[in-house]
Amino acid sequence: MALSHSEVWHIARLARIGLSDAEADRLREQLSTILEHFQSLNAYDTDGVPPTAQTFDLTTVERADEPRPTAGAELVLANAPRREGDFLRVRAVLE
Amino acid sequence: MADGADPTPGALLDAPVHEQACALRAGAVTARALAEATLARVRAQEPALHAYITLTPELALAAAEAADQRLRRGDAAPLTGIPIAVKDLLSTCDAETTAGSAMLRGFRPIVDCTVVARLRAAGAVMVGKANLDEFAMGSSTEYSAYGSTRNPWDLERVPGGSSGGSAATVAAGGVPLALGTDTGGSIRQPAALCGILGLKPTYGRVSRFGVIAFASSLEQVGPFARDAEDLGLLLGAIAGHDPLDATTAPLPVPDYTADLARGIEGLRVGVPRELLGEGLEPGVREAVEAALAQLAALGARIDRDVSLPSVGASLPVYYLIAPSEASANLARYDGVKYGYSAHDGPGMWDDMEQTRDRGFGDEVKRRIMIGTYALSAGYYDAYYLKAQKVRTLIRREFEAALATHDLLLTPTTPGVAFRLGEKLGDPLAMYLSDLFTLPVNIAGLPAASIPCGFAEGLPVGMQLIGRAFEESTILRAAHAYATVTDWHLRRPGAVAAAAMPS
């Protein structure tokens with residue numbers, strides 16, 4: 001199960017991770033080895049077996065809709081790399 | 001405290017928590033003096049051990065003084081005044097929380113996670129934020145962006161991971177208690193490699209609110225300690241329903257120390273043959289076999305005719321599900337709201353890609369890439385959904401085995417602590433060190449690693465796996481085992497030797 005270079009770049013784009021050419025080469029080899037190992041799952045018969053997303057059988061959990069204090073904008077914005085007034089500043093999304 | 005025991009703070013550092021608590025209540029020592037002695041020892045060990053990313057001495061002394069006031073008023077809880085280390089994956093609003101990542105250097109959460117809030121309410125004294133593999137992804141603490149932690153038994157070896165800092169500081173005698181998180185073995189594997197006890201609670205037993213997320217369907221916060229009673233004390237302090245985490249179980253929390261001394265006469269212990277087979281280092285096998293004989297001598301009924309036929313699929317199941325969840329959870333690190341932010345590219349998308357390239361380490365990127373691939377169009381059914389279905393098979397087999405057994409017993413790890421750098425170039429070899437712990441997270445069950453001997457001078461751990469929400473049975477067996485063995489009392493000398501002035 002060898003990944004191609006273009007597949008590695010495609011995954012990196014989906015994950016929004018910039019890669020150097022050397023990193024992409026190394027990842028292509030490592031991910032191919034790991035994906036190869038995953039093929040062993042095909043030996044297990046899962047016909048009619050439902051998937052498990054979580055192990056404790058809680059169904060939809062509801063809580064009372066009661067207001068409680070929040071941390072406040074100033075505290076949240078204190079970690080912002082760039083801010084303008086009470087807003088997070090980002091570069092133009094549409095160019 | 002035992003008659004004639006030395007009540008000075010220095011001597012108390014090696015005592016169990018319940019003895020420290022007695023000394024504090026009797027007024028034989030103040031929480032402040034205990035905190036100062038603890039900080040002095042931790043600081044002396046740090047150059048050799050590097051168990052912490054951030055020490056918090058001012059916070060510790062303030063908490064200790066508040067604890068002393070409570071002790072004087074007579075309203076102390078069991079952990080009031082007790083020093084503790086906290087894995088740096090757990091949000092603390094008054095101390096930097098890095099997750100071991102350059103992405104979160106200098107990050108100051110806006111709230112405490114629930115478990116830390118509970119410890120603070122109980123009067124515990126946090127001395128620092130312990131080192132870990134970046135975002136808890138790793139088995140050696142070598143993937144920390146803040147440098148590797150060393151194993152206190154051999155400073156050239158890893159302490160395990162991802163909660164390696166928490167395990168190393170408890171094993172070295174820095175603190176009697178620590179919190180870690182366990183997504184695939186990250187509490188049990190370092191506990192085994194460092195020669196202490198560590199417990200992963202049942203999924204849903206402990207709140208994950210404020211714990212920096214890696215794989216949400218697998219991870220739990222849990223305790224490290226040097227004996228079963230202390231392990232139960234800390235578990236009791238953090239367990240229970242949390243309105244801020246909808247996946248916590250609305251079940252009462254038992255007194256985990258009440259039942260410890262009841263013994264294990266008639267306890268049915270199953271040994272899954274697939275997990276005591278090939279690939280084990282001989283010294284690990286010998287130690288686990290000896291422990292089985294000792295448990296039998298204590299009255300446990302050992303059954304070796306137990307099989308978990310699909311457990312061999314655990315590694316691929318885990319390394320599909322965990323990275324898939326991680327790729328979604330780590331999408332939030334975009335350089336906009338907090339954390340590292342690249343701002344030198346030609347546009348927004350370039351900045352985001354550079355933020356994530358420079359902010360994440362190699363292993364984190366590798367897992368995000370695996371998860372993104374497994375969830376991408378055309379591959380979802382073949383990888384992610386298939387893994388979730390095999391997860392059901394593994395879970396059912398554990399449930400069947402535990403229907404006729406009270407506990408299952410396996411080695412915690414296939415081998416003893418490995419050398420620094422030994423597995424860095426080979427991700428699959430690193431993943432294999434969690435072979436026996438991964439299946440338990442897949443099934444959502446509670447399990448602990450208990451010291452059960454030494455091989456090549458390094459600690460060996462055995463894993464006790466219980467039924468969902470039956471942590472008490474694990475603790476009772478660990479306590480009974482410790483009445484006839486002294487492995488949990490052995491302490492490493494390497495750090496003390498390295499900390500001595502030459």
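Modeller: The discussion below takes up chain A, its interface with chain B, and then some individual residues.

Biologist: What kind of model is it, and how are things numbered?

Modeller: This is a predicted model, in which local features need pLDDT of at least 70, side-chain atom pairs count only at pLDDT 80 or more, and totals for chains, interfaces and linings use all residues. Residues are numbered from 1 along each chain as its sequence is written, chains are lettered from A and ligands numbered from 1 in the order in which they are written, and side-chain values use heavy atoms, with hydrogens and water left out.

Biologist: How many helices and strands are there in chain A?

Modeller: Chain A has 3 helices and 2 strands, in the order α-α-α-β-β from the N terminus. Helices (H or I, at least four residues) and strands (E, at least two) are DSSP runs, numbered from the N terminus.

Biologist: And what is the radius of gyration of chain A?

Modeller: Chain A has 23 Å, whereas a compact globule of 95 residues would be near 12 Å. The radius is taken over C-alpha atoms, and the globule rule is 2.2 Å times the number of residues to the power 0.38. The C-alpha trace of chain A spans about 55 × 45 × 25 Å along its principal axes.

Biologist: What share of chain A is buried?

Modeller: Buried residues account for 28% of the 95 residues in chain A. Buried means under 20% relative accessible area, exposed over 50%, and partly exposed in between (1.4 Å probe, protein chains only).

Biologist: Turning to the interface, how much area do chain A and chain B bury between them?

Modeller: The two chains bury about 5400 Å², of which 65% is on carbon and sulfur atoms. Buried area is the accessible area (1.4 Å probe) that two parts lose on being put together, summed over both. Arg16(A), Leu41(A) and Arg91(A) supply 13% of the area that chain A buries against chain B, more than any other three residues.

Biologist: How many residues does each chain bring to the contact?

Modeller: Chain A gives 56 residues and chain B gives 71 residues, where contact means heavy atoms within 4.5 Å.

Biologist: How many salt bridges does the rule find across the interface?

Modeller: There are 5 salt bridges between chain A and chain B. The rule asks for a side-chain nitrogen of Lys or Arg within 4 Å of a carboxyl oxygen of Asp or Glu. Lys365(B) and Glu23(A) form a salt bridge through their side chains, at 2.5 Å from N to O.

Biologist: And how many residue pairs are in polar contact there?

Modeller: The count between chain A and chain B is 22 residue pairs, with both residues at pLDDT 80 or more. A polar contact is a pair of N or O atoms within 3.5 Å; within protein, one must be able to donate a hydrogen and the other to accept it, and residues adjacent in sequence count only if both atoms are side-chain atoms.

Biologist: Which elements of chain A give two or more residues to the side that touches chain B?

Modeller: They are helix H1 (5-14), helix H2 (21-38) and helix H3 (73-77) of chain A. The largest share, 10 residues, comes from H2(A).

Biologist: You named Arg16(A). Where does Arg16(A) sit?

Modeller: Arg16(A) lies in the loop between H1 and H2 of chain A. Arg16(A) is partly exposed, at 21% relative accessible area, and has a positive phi of about 55° although it is not a glycine.

Biologist: Over to chain B: where is Thr181(B)?

Modeller: Thr181(B) is in strand E4 (residues 177-182) of chain B and is buried, with a relative accessible area of 2%. The side chain of Thr181(B) makes a polar contact with the side chain of Lys87(B) at 2.6 Å. Beyond its neighbours within four places in sequence, Thr181(B) is in contact with residues including Ala136(B) and Ser162(B).

Biologist: What is the backbone like at those two?

Modeller: The phi of Ala136(B) is near 70°, a positive value in a residue other than glycine, and Ala136(B) is buried at 4% relative accessibility. The peptide bond from Gly161(B) to Ser162(B) is cis, with omega near 15°.

Biologist: Last one: which backbone atoms does the side chain of Thr248(B) reach?

Modeller: The side chain of Thr248(B) reaches the backbone nitrogen of Asp242(B) at 3.0 Å and the backbone oxygen of Asp245(B) at 2.7 Å. Thr248(B) is buried, at 1% relative accessibility, and its contacts beyond four places in sequence include Leu58(A).
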